[in-house]
Amino acid sequence: MSRTKQMEQKWQQRWEAAHLFEADPDPRREKKMVTFPFPYMNGPLHVGHTFTASRVDAYARFKRMQGYNVLWPWSWHWTGQPLLGASQRVARGDAAYIKVLLEVDGVPEEELKKFVDPLYMAQYYTNEGRMAVKSIGFSVDWRREFTTVMPTFQKFIEWQYKSLKEKGYVTRGTHPVVWCPKDKSPTGDHDRQSGEGVTPEEYILIKYQLSDNIFLPAATFRPETIYGITNMWVNPDVDYVEAEVGSECWIISKEAAEKLTDQERKVVVKRSFKGKELVGKTFTNPITRREFPILPGWFVDPKTATGLVYSVPAHAPYDYLALRDLQQKPEVLAQFGIGMEVVRAIKPISIIKVEGFGEYPAVEIVEQMGIKDQNDAKAEDATKELYKKEFHSGKLKETCGQYAGKSIREVKDVLISDFKKAGFADSMVDLSSQVVCRCMTQCIVKVLSDQWFLNYSDPHWKELAKQVIAQMSIYPEVAKPWFNTVVDWLREWACARTTGFGTPLPWGEGWIIETLSDSTVYMSFYTINKYIRQNDIKPESLTPEIFDYIFLNKGDVKELSKTTGIDSELLVSMRNEFLYWYPFDLRNSAKELVPNHLSFCIFHHAALFPPQFWPKGFGVNGMLMVEGQSMHKSKGNFITMKGAVEKYGADATRCGLLLGAEGMDDPDWRADNVYDLKNKFDGLMTFAESIIVTAKNDDNTALEGWLQSRLQQRIKAVTMALDELKTRTALQTALFETWNDLRWYIQRKGNTSAKVLGGVVKDWLKMLAPFAPFMCEELWSQTGEEGFISVAKWPIYDYAKIDVAAEEQENLVIDVMADTNNILKAMKIEPVKIVYYTAVSWKWQVYLKIVKKTIFGQAKINELMKEFTSDTSLKPHMKAIASMVPKIIKALTKVSGDRKANMVKIGVVDEKTILRDAVKFFNDRFNAEIQVFSESDVKCFDPKGRAAMAIPYQPAIYVE
RNA sequence: GCGGAGGUCGCCCAGCAUGGCCAAAGGCGUAGGACUGAGGCUCCUAUCCCGCAGGGGUUCGUGGGUUCAAAUCCCACCCUCCGCACCA
């Protein structure tokens, strides 16, 4: 077994034996409750889960080290349809699917057989998942674990829905869904063979009159075009029916009649006939009362809406094309006994004014694009383009009655409701393109009646939800407005279904609570599930009154105890546990859950809990990519949590993911990078171990001062970043930046023997512990410290350890090094000898004066010169000063305000001593003889006369 | 289409709120060197272009604009990713 693996197992076992992550209320400590949306158990946990949950774990571990009492519970989502579907595919012997389970998920053959039982399947993945979560080192309190089909949990959901209903948030109504006639259930995107993303769309039916009591309901998305109608199109070859729809008589396609029956319409078909029977007849526009002819159109699809289309050649390219085609084919018309003059007489009627077009936009666009006829593929593009333009910038003309002058955008909804009220229009829903179910059946639209909804449209509820958001911390902050727009945008949500696993709706009738709707406030259940499990509380005891007491302090404990058999002290403990932990402080998920789960969580908390229990914080992160692609089992790039840990180790997996991205950016999993990181960690361990062994002496020079000062800044940065869940920044600083500081120190120092260094390394490990806990525990134990680093005290930024002088001293060395390098590069030589000359004291007087001036704004050369002239001590140097001042001012534009302030604070720096102390360092680095002089030194070696160029913080340099 | 997030020096990605300290942090990769029996381990150096002296030139999706000054502010355009509902 590899060292990594051994180490992981060792610490996992020790944590567990110590019950380290089991959290109980402790009145002396502040708490943090962090959560992760329970994963759905129709498959293994993958690196996407790992990324999101690693952020939670890093935060949890960080807060725990800061002294908080941290609770991180975990559970498993079993309710819903996919588990059932997956199990059925196994039962059916779906070879492709089974292959995925065996190869991607790594399910053993003998287990797979048992997957015909969906609950067995869920249990299998749950067990696997739990092991994976433990092996990656998430600091979870497992005593609160549950699955969503457990009867005790379902009692909680019953309470939730009973409460929501009582408060009026549950309503009943009808709703159109994509429906599989064979499965007799809605067909969601996941259940489709084809037609992903297709949703039912509402067609407006304009009820043109064939006669006084027979209607031709022509379908359109653009009812405003009724003013521009010139004729109607009917497909002569397809079957139409005359049917009683409600109390009216409609002529529609045969298919349409069937569809309407699924849409809560009463349809009685009276007779069936071919479309050609209608061709040549005339009909009346209900609004203008004018008459128009019915013409043959083979492009009319009986499967779309009513199978009747009215023609608006001025604005619809297809209509114009069809008309033009007919005008060129008298023989076709003759077949139907229509005279050529009828068609010739049809002139487009312009009703919309659009910028960039004249009277007849459809005619123009057809000609511009050179579209041949109605079968030309470009006709589709023309239609789209024109529609977009007309919708956004089109204005209705005076021919449009009361709607004249209005833009289409603003008038559309009004117009529809007006038409419906007047009885000119009706509507039906249909699919814009074909949808096929996984069972290979063609789907239809079905309007479900008596459907139960969560009424997210309720303005009062929306308002409450916004109040919840207002008091929350949302990381990153840019996600906050998004939540507000989602709250505005959410409508009624069907919260019950008839198939799949789930909690029966408490008011029965064969409904099951929909799976996104049963996972909105369950975080509160974690607080008490520990007691339910420990005391084996039976589901029947968990009455709604019990939850009312625990969560809302309603009712009398003694009474409740008597009726339910739960000990009253236990009830009080449950109440107290809830009070201690709730509300949760952080819930982190990927951004795809913002418009649903996370927003539902907000709504439901607003509905069920008083403000003191409203969520405190959400974290939102990007979607994990794998080698630049979205991860999919079918793409063969699916990486499980278990597999990643086995291959790269827990620490590298966690850190590899967290270094990928933060905020809402999508992190990218690059296997090579993770592999490198694993090697890096091996190196880090060797590095840290060697320091731990050697750091024994009491050195405390400026270099140690620098190291400690730097560390303080790292501590500050990491702490701040973690507080805002900027896990990438935090890890980057903790791991790489701090490591670089240590490297620099060791190089400059030449050894690793200072005790101070050992102390810094301990703080370094602490900062890394939230990210790479196994490695850090291991190293921590080697430092001789007692206890786990997982609960060691988080380092605190100590201002007293900030050593400005030491930092500036190092900056000088760094700058000198950089300048020397630049010179060497320009000269393209290998140096033999390098000489540095530091500035004399009167230059410091000049320099610091200028620094001060630039801090408080513009440094004016003439003013400065005046001041220097008036200083008699500078008199002998005025010529030099005159040439130096502009140079210094320019150089200072590249210096930060902070550094300038430090320069002023420190005053004159003994550069000669500092550089002389660094001679060995420079010597190693440049592989050349190094000499350091002050320009005032009498025995100065200065063959090129460079010494006089020395400026404070910029020693002159000579190279040969 | 609607809503959200983005496009930075080979790659991943900081910076953009509060314009100047930005040729722009860090990681990866690459090149050279050190260490080593050897090393794909580790360490150092370099990595936009030019420069025999610490300097100069051209960059931050594209095109404009504001400003003494723009990766950062404004406008337009192009491209990528995510969500859009009965589904986890």
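The exercises below concern chain A of a predicted model.

**Exercise 1.** State how many helices and strands chain A has, and find out why chain A counts as more spread out than a compact globule.

*Solution.* Start with the elements: chain A holds 35 helices and 31 strands. Next take the radius of gyration, which is 38 Å for chain A. The globule rule gives 30 Å for 960 residues, and 38 Å is well over that, so chain A is more spread out than a compact globule. Finally, look at the C-alpha trace, which spans about 120 × 80 × 55 Å along its principal axes.

**Exercise 2.** Describe the surroundings of strand β13 (residues 291-296): which strands pair with β13, and in which sense?

*Solution.* First, check the cover: five of the six residues in β13 are buried. Second, take strand β8 (residues 231-234), which pairs with β13 in the parallel sense over three bridges. Here Trp233 has Leu295 of β13 as its bridge partner. Third, take strand β12 (residues 282-284), which pairs with β13 in the antiparallel sense, over three bridges. Thr284 stands opposite Glu291 of β13. Last, follow the hairpin of β12 and β13: six residues lie between the strands, and Arg289 takes a positive phi near 65°.

Definitions and conventions: Residues are numbered from 1 along each chain as its sequence is written. Chains are lettered from A and ligands numbered from 1 in the order in which they are written. This is a predicted model: local features need pLDDT of at least 70, side-chain atom pairs count only at pLDDT 80 or more; totals for chains, interfaces and linings use all residues. Side-chain values use heavy atoms; hydrogens and water are left out. Helices (H or I, at least four residues) and strands (E, at least two) are DSSP runs, numbered from the N terminus. The radius of gyration is taken over C-alpha atoms; the globule rule is 2.2 Å times the number of residues to the power 0.38. Buried means under 20% relative accessible area, exposed over 50%, partly exposed in between (1.4 Å probe, protein chains only). Two strands pair if DSSP finds at least two bridges between them.
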